[in-house]
Amino acid sequence: MGAIVIIGTVLDPSWFDMARLPTLVAAIISVLVVLYTTFHKRSRQRFKLREIAGLKAVEEAIGRATEMGRPLLFTPGWGGDIQRPTTIASMNILSHVARKTAQYDCRLVYPTHDPVIMTVAQEVVREACVQAGFPDRYNANDIFYVSSSQFGYAAAVEGLISRTKPASVFLLGTFEAESLILAETANINGSIQIAGTDSTIQLSFFIVACDYVLIGEELFAASGYLSGDRSILASVRAQDILKVMLAIIMIIATLWVTVDPSSSWWRF
């Protein structure tokens, strides 16, 4: 009986919408590109990230805080939870920063709006201190929850920047309306700022108020670069390859529709 149902489903012409075939082909190509960059050994060996100014400034920011004897503040913004890619990327960067601050005996302050993010950040920093060889320099009280309210969080972090006067501020994660409040406060405080987010609206505020900005995918590339995670680097390369392929298709489609305005194969 089950076999009859399956055969009937296969023979039914309505089970597959042929208009969606280009989407299926594009999805299969995308999966194949990701698998190639992830598992092909030669692909991983030949992959190299270009230098990003914000990445080179990480060491400078940590060194400056150490020399001035002032803390370093790192916050992931109010807009995200632990499941967002930007939050996960910021955790990878936090691990690198925490390892360096532990080596240099520099205080790291991490306020957040989410108790789950706080717990994960505490574990990330604790592990980084252990890897650096200084587990005693881990201070759980410096990684804390402030408020789930957007402007309650913004006011708390703004006050923290004004009181503790961090030499360096890292604004990496998902930000919304609080972005300019925090960036301006740190700017007035004279802190060197490294910001990064995937929000195109908030990027404009970071660009005018911060010293270095990781724009969109640079945040994910920085995460892979600093953590050394080959899976992240492979996904970044897969995105680049797919962008090139998409650009080529757009150029071909533009030329095609110019010659034949009635064509529609490129519409999917």
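At what angle do helix 8 and helix 9 pack, and how far apart are their axes?

Analyst: A quick note before the details: this is a predicted model, where local features need pLDDT of at least 70, side-chain atom pairs count only at pLDDT 80 or more, and totals for chains, interfaces and linings use all residues. Residues are numbered from 1 along each chain as its sequence is written, and side-chain values use heavy atoms, with hydrogens and water left out.

Now your pair. Helix 8 and helix 9 (residues 200-209) pack at about 5°, and their axes are 9 Å apart. Axes here are lines fitted to C-alpha atoms, for helices over the stretch in contact, with angles running from 0 to 180 degrees between N-to-C directions. Helices (H or I, at least four residues) and strands (E, at least two) are DSSP runs, numbered from the N terminus. That angle makes helix 8 roughly parallel to helix 9 (angles under 35 degrees count as roughly parallel, over 145 as roughly antiparallel, 65 to 115 as roughly perpendicular and the rest as oblique). On the helix 8 side, S179, L180, A183, E184 and N187 meet Q202, F205, F206 and A209 of helix 9; contact means heavy atoms within 4.5 Å. By class, this contact has five nonpolar, three polar and one charged residues.

Helix 8 (residues 178-189) also packs with helix 7 (residues 150-164), again at about 5°, with the axes 10 Å apart. Helix 7 and helix 8 are therefore roughly parallel too. The residues here divide into eight nonpolar, four polar and two charged.

On to the sheet: six strands form an open sheet in the order 3-2-1-4-5-6, with parallel pairing (two strands pair if DSSP finds at least two bridges between them). Strand 3 (143-145) and strand 6 (212-215) stand at the edges with a single partner strand each, so one side of each has no neighbour in the sheet. Neighbouring strands are turned by 15° against each other on average, direction ignored. Helix 10 (residues 217-227) packs on this sheet, touching strand 4 (168-172), strand 5 (192-197) and strand 6, and its direction makes about 100° with that of strand 6.

Q122 sits in helix 6 (residues 115-132).

Conventions:
Nonpolar A, V, L, I, M, F, W, Y, C, P; charged D, E, K, R; others polar.
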